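Me: I would like the labels used for this model checked against their cut-offs. Let us take them one at a time.

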Amino acid sequence: MHTLIQAIGFGIVTASLIAIGAMGFTLQFGLTNILNLTYGVVMTLGAMLGYLVDSVSGVNPWIGVITGGVAGIAATLVIGKGIFPFFVRRGIGLLQVVMLTLGLSLVIQYTIAAIDHGNFYQLSFFPTGPTYHFGPIVITGTELIFIGIAAFLYLSIAGLLHLTRLGKALRAMSVEPGLARSCGIPTRRIVNVTWILSGMLAGIAGIAYVINTNTVDSYSGNDFIAPVLAAAILGQSGSPGGAVVASLLVGCATEIVSAYGGSAYSTVAGFGVLLIVLLARPGNVMSELTKKIEFTV
Amino acid sequence: MQIYIATLVIYCGIDVLGAWSVNLQFAYAGVPNFAFIVFVAVGAYVNGTTSLGPGQGQTYILGYHLPFPLPLIAGMVAAGFVSLVIGVFTLRSSLRRDYQAAIMFIVGVIALAVVSTDTRIWNGSNGIAGIPQPFSNSFAPNTYNWVYGAWVWAICLVCYFVVEHLCRSGWGRGLRAMRDNEAAAGSIGLNTSFLRIQVFVIGGMIAGLSGGLLVDFIGAWSPSAWGYAETFVFFAAIIVGGPENNRGAIVGTILIPIIFTELPSFLPEIGYVGLKESLEWIIIGLIWVGFIGFRPQGILPARRLKVDRDSTTGWRKLAGVGGNPFRERRLLVTPPPSLTVETSAPETSAVATGGRAGGARDDG
């Protein structure tokens, strides 16, 4: 029992890392319908630039985190507003878009590798600080910060989506873009906001991930994209709340299995949750097949 | 030098097999198999362990001593079986195709993580080594490479005819119908879920075969040989060479895996170690993106499929494989010419470009 509760504690920490990334991914995917695999390299980019700023001595670690977010926004805007619209206008298909994002992520990832000489870099952002005990759960200060960041981001995004006019427009557009446009919603602006939000979350997720693993290299983001994708798909695209719940499921499953000695299978456990849900989900096959999927860029 | 050329010939044959498999799955059937390299790896591992025999110093499952062609077949069957298991779970009709792509991507990442951490399956990240080359005692090393190359290309030739026949058969047309409009394909009686699993398993077996051939030649196999980026080499070959065209796949293979990733090892090192590889991948990525945007049909476009209209009756003839008269189908898709306005060209052939579904006799 003790081990289980402890594992759940670790699971919550892992989940908060996954949740930051998954929220950004799911927002953007739900609105634009583009399965954006460049998300991984945007995370790497945020982590790298955050590390660069942090390695200047005497800089507040929070400035590094903010730099990561800003770098994520910049990279995502270039990709989402500069590159994707061009291809979408040429009438690219559902799978071709995935291939396109894969190709772009190859280019960006290896550009980063070419610049950083393909090395690993050690980083220590926040001082280790004291550890906190909540019953059997032991959490370090840094991990508490992650949980705090994730909770803060979730609350602000949920607030944005459900309390503001902008959020209402965003939700309307992700359900039915054509109808939203004809209601006079400024679709272009909403799409911009979505790219910015998703880029910011990608950058912060990247930097949180490398703070947790203490090393950064050009593969960091792509190592992390599998659980992020799993959580985003599990939690229904376009729903940050779903992404958070899914991250908790994935994170806890991963940590519980690794606590009971199956460290090789911990990632499988996280993924197993996704498979079980997909299998059990009542899928209305025909409606899924006949639905016309359009990209909104 | 001669050994190097022979090695390139062998690699080319092996990669062509992989490219055909991706072509069949991705270009014809629209199955986004981003875990492709996993099936190559399964074929390689099973072929390796079943020819190595019980492990000495290495731990792995399936250590049997099988005589020569059997390990290759075992690898193929194992890869097909793994594809069946993964396919049943992930390729569900209720999932959108980009979801399927994402899940396949995750499967690839996770398979790599499991095999490299659990040393009981295939010796973890150290991998298995010392796999004997079949019949290597009977030839001098120099000739052996050429003999092995001939063996690989003989298999390729057989595979080419099999794959080409599959693609042109009614089954292959069913694949394209499923890819273009799954709901419509289902409504004319195609069991699309089953079709997708079939093409996935067949592609998986070809992948396993190529992995087995590779491991017989290089004699070792470890997780570093099948990082998930390796999958993209095959996809790049297809995109560049020409989707839906098995000859285009050969051209793409010669260009991407051979010229862009094997030949640069001739060039002198530039800068620090690893820069050359990064530059290679940047160029491959740029070519990839460029082809998707500006030439989606690839270097060798798929041959156009023609639907001939019989000018007297106005029925469209859908001829079967190679115009076999016994496989002709007649479909009323347009009214007789007396009712249509368009009566221009003598050869009134409606050309379905880009190999859309329902096409028939190819005029290539």
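Me: Why is Asn123(B) called buried?

Reply: Its relative accessible area is 13%. Buried means under 20%, exposed means over 50%, and partly exposed is what lies in between, with a 1.4 Å probe and protein chains only. Since 13% is under 20%, Asn123(B) counts as buried. The model is predicted: local features need pLDDT of at least 70 and side-chain atom pairs count only at pLDDT 80 or more, while totals for chains, interfaces and linings use all residues. Residues are numbered from 1 along each chain as its sequence is written, chains are lettered from A and ligands numbered from 1 in the order in which they are written, and side-chain values use heavy atoms, with hydrogens and water left out.

Me: Where is Asn123(B) placed, and what is its phi?

Reply: Asn123(B) is in the loop between α5 (119-122) and β1 (128-129) of chain B. Helices are DSSP runs of H or I with at least four residues, and strands are runs of E with at least two, both numbered from the N terminus. The phi of Asn123(B) is positive, about 65°, although the residue is not a glycine. Most residues other than glycine have a negative phi.

Me: Which loop holds Asn33(A), and why is that residue called buried?

Reply: Asn33(A) belongs to the loop between α1 (2-32) and α2 (39-55) of chain A. The relative accessible area of Asn33(A) is 16%, so it is buried. Its phi, near 65°, is positive in a residue other than glycine.

Me: What makes α2(B) an enclosed helix?

Reply: In α2(B), 17 of the 17 residues are buried, so the rest of the structure largely encloses this helix. It covers residues 36-52 and reaches 25 Å from first C-alpha to last, close to the 24 Å expected. The expected span is 1.5 Å times one less than the number of residues. Gly53(B) follows α2(B), with a positive phi near 90°.

Me: How many residues of chain B are there, and what share is buried?

Reply: Chain B has 364 residues, and 53% are buried. Its secondary structure comprises twelve helices and six strands.

Me: How do you know which residues Val115(B) is in contact with?

Reply: Contact means heavy atoms within 4.5 Å. Not counting residues up to four places away in sequence, Val115(B) touches Tyr45(B), Trp122(B), Gly124(B), Pro223(B) and Trp226(B). Val115(B) lies in α4 (residues 97-117) of chain B and has a relative accessible area of 8%, so it is buried.

Me: Why is Val244(A) called buried?

Reply: Its relative accessible area is 19%, so Val244(A) falls under the buried limit. The residue is in α10 (residues 240-259) of chain A. Leaving aside neighbours within four places, its contacts are Ala19(A), Met23(A) and Tyr154(A). Its C-alpha is 7.9 Å from that of Ser16(A), 228 residues apart along the chain.

Me: What makes Ser198(A) buried?

Reply: Ser198(A) has 1% relative accessibility, so it counts as buried. It is found in α8 (residues 187-213) of chain A. Beyond four places in sequence, Ser198(A) contacts Gly24(A), Gln28(A), Tyr39(A) and Thr76(A).

Me: How many cavities are found, and what makes a space a cavity?

Reply: Two cavities of 30 Å³ or more are found in the whole structure. On a 1 Å grid over the protein atoms alone, a cavity is a set of points where a 1.4 Å probe fits but cannot get out; lining residues have an atom within 4 Å of a point. The second largest cavity holds about 40 Å³. Volume is the space filled by probe spheres set on the points, which are joined across faces, edges and corners.

Me: What kinds of residue line the second largest cavity?

Reply: The lining divides into nine nonpolar, no polar and no charged residues. Ala, Val, Leu, Ile, Met, Phe, Trp, Tyr, Cys and Pro count as nonpolar, Asp, Glu, Lys and Arg as charged, and the others, Gly among them, as polar. Among the lining residues are Val65(A), Phe126(A) and Ile145(A). The largest share, four residues, comes from α8(A).

Key. 1 Å grid on protein atoms, 1.4 Å probe; cavity = no way out; pocket = protein on both sides within 12 Å on 5 of 7 lines; lining within 4 Å.
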